[in-house]
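Subject: Structure for you, with notes on pockets and ligand

Hi there,

Here is the structure I promised to pass on. Could you open it beside this email while you read?

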Amino acid sequence: MSTALIILAAGEGTRMNSDIPKVLHRIGGAPMLLHAMRTGQVLAPDHTVVVVGYEGDAVAKAAHAYDEDVLVVQQDEQLGTAHAVAQAAPALARHAGDAVVLYGDTPFIQPQTLARMAEARAAHDIVVLGFKAEDPGRYGRLVIQGDSLEKVVEFKDANADERKINLCNSGIIMAKASTLFDLITAVGNDNAAGEYYLTDIVAIARSRGLEATAVSCDEAETMGINSRADLIAAEAAFQARARAQAFADGVTMPAPDTVFFACDTVIGRDAVIEQNVVFGPGATIESGAYIRAFSHLEGCHVSRGAIVGPFARLRPGAELAEDARVGNFVEVKNAVIDEGAKINHLSYIGDAHVGAASNIGAGTITCNYDGVMKHRTEIGARVFIGSNTMLIAPVTVGDEAMTASGSVINKDVPEGAMAVARAPQVNKPGFARKLFEMLKSRKEKRDKGAK
Ligand code: UD1
Ligand code: MG
């Protein structure tokens with residue numbers, strides 16, 4: 001069965017108190033909208049339609065950054081969830097399969113849950129995802145008879161008996177797309193909120209003899225984010241799950257509560273992640289790599305046997321081959337560090353390539369930026385870069401070459417050569433003592449004058 005995702009993301013999220021639309025606030029380093037898009041991938045969707053409204057261009061940009069084929073439709077006025085879904089109808093006019101409605105502000109629905117809904121769809125025209133709520137509060141209530149879902153009542157419109165029901169509506173609905181859009185045309189807005197409720201399609205479907213059912217999931221999955229407090233709770237829930245997943249995957253972490261993950265962090269078995277390591281988006285750490293305390297890693301790849309940190313920063317495009325070393329106060333950006341190469345202390349290596357088994361001395365900097373453009377530094381294999389070398393890019397240092405400490409290298413260094421680019425040292429015999437005496441007597445005179 002082919003499927004289309006319809007992701008509702010038009011709301012402003014007033015309670016976030018933010019200029020950023022709610023669905024672009026981040027959880028695990030990614031806009032919460034992307035979590036819904038990612039979960040939907042389990043259904044191998046043929047189309048994804050994101051319904052945007054408030055700050056629609058910004059939301060569209062984030063959706064396209066994740067998947068450039070996403071269709072974005074604008075809902076100018078937020079007249080209700082049914083009205084929002086209706087905006088997707090023209091984009092899916094030729095889609096013959098199913099549609100599933102997801103919310104951009106509900107990031108924790110698990111892929112298995114959507115898979116269970118898809119199974120239930122085989123025997124029912126409409127499948128709604130429900131959950132048993134600890135405190136049903138203002139959620140819509142699912143009215144069930146036997147196996148059949150008869151209707152969904154919004155809290156505002158529910159009578160006292162209906163309000164006692166604790167099986168609540170998550171908002172996620174699955175149906176054949178043409179059925180969904182057809183039912184929506186029959187939805188009105190004569191209700192307590194004056195909104196077009198998507199939930200009304202269930203009662204309409206039943207009155208037409210269609211079958212509806214509910215699938216249940218854990219309440220934690222349906223957590224919606226409406227406020228900063230919700231966002232903080234969601235981040236904590238995300239991190240707890242990511243940590244548990246990491247040790248289930250065999251990652252060694254002496255203090256997991258101090259390690260922070262992004263939603264796409266990949267870490268291999270027996271990799272060691274020490275205390276206070278933070279992963280931004282796009283980090284892959286191979287089996288048997290070692291990340292020492294207080295390091296920050298994003299958009300990078302660390303191979304088996306490599307050691308990073310403590311206090312290292314790997315930025316996007318940092319590629320560490322096997323057994324590479326990146327030590328304390330070293331920043332690596334857009335640079336490939338070949339096998340066994342070492343950058344152990346206080347360096348910046350950006351837009352560069354460091355060949356195998358080369359050693360980069362403390363304080364080395366690739367001067368990659370001229371104020372307007374970025375340039376590359378190429379360092380060969382088995383090179384020795386002396387401490388405090390400035391490599392003014394574009395520049396190439398050949399295999400097995402050396403630079404003298406303190407050199408400012410602005411010309412290529414041929415293979416096997418030693419480059420010395422610093423002022424020659426001059427020793428002046430006895431000069432230091434004479435200078436000390438002169439300075440001391442000057443200070444004495446000044447102190448006397450002050451009395
Ligand atoms: C909705 C459900 C309710 C359910 C609850 C779960 C309806 C009528 N009610 O209520 O049964 O228990 O979710 O959280 O569906 N949106 C748009 N355009 C609109 C309206 C909403 O894009 O015109 C988006 C919102 O940005 C949000 C989602 O749809 O992501 C849900 O809307 P919201 O207003 O939060 O619905 P609830 O009142 O919470
Ligand atoms: Mg809501």
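Predicted model: local features only at pLDDT ≥ 70, side-chain atom pairs only at ≥ 80, totals over all residues.

Let me start with the largest pocket. It holds about 1,400 Å³ of space, and 37 residues line it. If you want to centre your view there, go to Thr81, Tyr103, Asp105, Glu195 and Asn226, which lie nearest the centre of this pocket. Three elements that each give at least two residues to its lining are β1 (3–9), α3 (81–86) and β10 (167–176). Of the elements, β10 makes the largest contribution to that lining, with 3 residues. By residue class, the lining of the largest pocket has 17 polar, 12 nonpolar and 8 charged members.

The second largest pocket has about 630 Å³ of space and a lining of 24 residues. Nearest its centre you will find Gln110, Phe238, Arg241, Gln245 and Cys263. Here α1 (32–40), α4 (111–121), α8 (228–248) and β12 (266–267) each provide at least two lining residues, and α8 has the largest share, at 6 residues. The lining of the second largest pocket splits into 15 nonpolar, 6 polar and 3 charged residues.

Which domains supply the lining of the second largest pocket? Both domain 1 (3–222) and domain 2 (246–419) do, with at least three residues from each.

Now to ligand 1. There are 19 residues around it, and Gln75, Gly80, Thr81, Glu154 and Asn169 come nearest.

- Alanine 10 places a backbone N or O atom 3.1 Å from an oxygen atom of ligand 1.
- Glycine 11 likewise has a backbone N or O atom 3.1 Å from an oxygen atom of ligand 1.
- Glycine 140 has a polar backbone atom 2.9 Å from an oxygen atom of ligand 1.

How much of the accessible area of ligand 1 does the protein cover? On its own, ligand 1 has 750 Å² of accessible area, and the protein covers 79% of that.

That is everything I have for now. Happy browsing!

Best wishes

Terms used: Residues numbered from 1 in each chain as written. Chains lettered and ligands numbered in written order. Heavy atoms only, no water. 1 Å grid on protein atoms, 1.4 Å probe; cavity = no way out; pocket = protein on both sides within 12 Å on 5 of 7 lines; lining within 4 Å. Points joined across faces, edges and corners; volume = space filled by probe spheres on them. Helix = DSSP H or I, 4+ residues; strand = E, 2+ residues; numbered from the N terminus. Nonpolar A, V, L, I, M, F, W, Y, C, P; charged D, E, K, R; others polar. Domains from an automatic or database assignment. Near = heavy atom within 4 Å. Polar contact = N/O pair within 3.5 Å; in protein donor to acceptor, adjacent residues only side chain to side chain. Areas by Shrake-Rupley, 256 points an atom, 1.4 Å probe, with all protein chains shown as cover.
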